[in-house]
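Subject: Structure handover

Hello,

Here is the structure we talked about handing over. Please look through it first; my notes on what was found follow below.

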Amino acid sequence: MSDIQGKVVIITGASSGIGEATAKELASKGAILVLAARREDRLKQLQEEIQNGGGQAIYKVTDVTSNEQMEELAEFTLKSFGKIDVLVNNAGVMPHSFLYKKEIDDWNKMIDVNIKGVLYGIAAVLPSMRERKEGHIINVSSVAGHVVGAGSTVYASTKHAVRAISEGLRKEELINNIRSTIISPGAVTSELIEGVTDPDLVPVIEKLYEMAIGADSIARAIAFAMEEPADVAINEMIIRPTRQE
Ligand code: NDP
């Protein structure tokens with residue numbers, strides 16, 4: 001039996017791309033899922049698909065930029081299943097632009113979703129995990145959490161922050177047996193690049209994403225980190241197309 005069987009897992013950004021693929025992968029391995037994102041139609045559709053395939057999933061419409069809604073998501077999960085084994089902090093946005101263009105709304109959006117959303121998620125699940133002295137928080141960063149490209153400065157800053165938050169979390173909570181994993185994908189086929197609208201950057205992104213790999217590859221990496229025994233922490237994985245620089 002897989003170590004994923006029976007684990008209660010919250011996935012943010014479950015309505016598309018990596019979050020959706022992760023939900024399907026974990027459901028096939030027996031996880032009990034709580035799907036979160038803003039688009040209810042997508043969540044409902046995914047929930048039905050998982051249930052029709054014999055898996056277990058419920059959903060809650062959640063905006064990760066609201067601390068209150070993230071707390072409600074954790075409460076909903078505890079009320080429904082009595083525990084939270086894993087949080088996959090996956091929701092993210094990537095409206096790239098050059099700094100001189102001063103797209104302040106986009107900067108704020110990336111900071112709110114990619115950094116604050118991750119922090120709110122961690123804060124929402126930590127009390128029950130600390131009490132049980134058990135848990136696993138998986139934060140989705142990026143190759144952009146390691147390298148910065150022209151036009152990706154703010155996005156890369158948020159993804160560097162995700163790695164810093166994960167490492168701080170690891171050090172603070174290892175005493176409580178709470179595992180921390182950073183997942184750093186390279187180019188993956190999803191809706192993420194639809195957020196790139198700057199005409200100077202669209203061709204660059206389109207070129208890079210010609211080699212993009214499937215979201216299922218990231219889902220398998222997340223499952224791998226979860227499947228290890230509780231005293232083994234996979235702290236970081238980079239998963240990118242073989243030909244990506
Ligand atoms: P998608 O655009 O397909 O998925 C993003 C998800 O985030 C959606 O489910 C969206 O749901 C959710 N989301 C966005 N804003 C919010 C919000 N305010 N509250 C709740 N959910 C929100 O992209 P990916 O699947 O590719 O992205 C998933 C993660 O992977 C992101 O963190 C991204 O930065 C990271 N990543 C992706 C890479 C790639 O090449 N695709 C590369 C490296 C990292 P909804 O709109 O319904 O709320």
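A23 has contacts well beyond its own stretch of chain: setting aside neighbours within four places in sequence, A23 is in contact with I11, A14, L33, L35, L46, I50 and A57. Two of these partners come up again in the largest nonpolar core, which has 66 residues, and in which A23, L33 and L35 touch the most other members. The element that gives the most to this core is helix 4 (residues 104-132), with 10 residues. Please keep in mind that this is a predicted model.

Helix 4 also holds G121. This glycine counts as buried because 27 other C-beta atoms lie within 10 Å, and 20 or more are enough for that label. Not counting residues up to four places away in sequence, G121 touches T12, V64, M70, L87 and N89. The C-alpha atoms of G121 and E71 are separated by 7.8 Å, although the two residues are 50 apart along the chain.

On the strands:

- Strand 1 (residues 8-12) is mostly covered, with 4 of its 5 residues buried. Strand 1 pairs with strand 2 (residues 32-37) in the parallel sense, over 5 bridges. Within this pair, I10 stands opposite V34 of strand 2.
- Strand 5 (residues 135-140) has 6 of its 6 residues buried. Both of its faces are covered: G135, I137 and N139 are buried on one side, and H136, I138 and V140 on the other.
- Strand 4 and strand 5 run parallel and are joined by 4 bridges. N89 stands opposite N139 in strand 5; N89 is also one of the residues that G121 touches.

Next, the ligand. Its surroundings consist of 29 residues, and the closest are G13, G17, R38, G92 and S190. Sorted by class, this shell has 12 nonpolar, 12 polar and 5 charged residues. Helix 1 (residues 17-28) gives the most to the shell, with 3 residues.

Two residues have backbone angles worth checking by eye. K102 has a positive phi of about 50° although it is not a glycine. K102 is found in the loop between strand 4 (86-89) and helix 4. Is K102 buried or exposed? K102 is exposed, because 10 other C-beta atoms lie within 10 Å and the label applies at 12 or fewer.

The other is N177, which is likewise not a glycine and has a positive phi of about 60°. N177 lies in the loop between helix 5 (153-173) and strand 6 (178-185). With 16 other C-beta atoms within 10 Å, N177 is partly exposed, because that count falls between the limits of 12 and 20.

Last, the annotation. UniProt lists residues 7-191 as "domain: Ketoreductase", in an unreviewed entry. In the model, this span is 49% helix and 19% strand, and its end C-alpha atoms lie 28 Å apart.

If you want a place to begin, open the view at A23 and go through its contacts, which include I11 and L46. From there, move to helix 4 and G121, then to the shell around the ligand, starting with G13 and G17, which are among the closest residues.

Regards

Conventions: Residues numbered from 1 in each chain as written. Predicted model: local features only at pLDDT ≥ 70, side-chain atom pairs only at ≥ 80, totals over all residues. UniProt positions renumbered as here; feature names shortened; annotations may be inferred. Near = placed C-beta within 6 Å. Nonpolar A, V, L, I, M, F, W, Y, C, P; charged D, E, K, R; others polar. Core = buried A, V, L, I, M, F, W, Y, C linked by C-beta atoms within 7 Å. Contact = placed C-beta atoms within 7 Å. Pairing = 2+ DSSP bridges.
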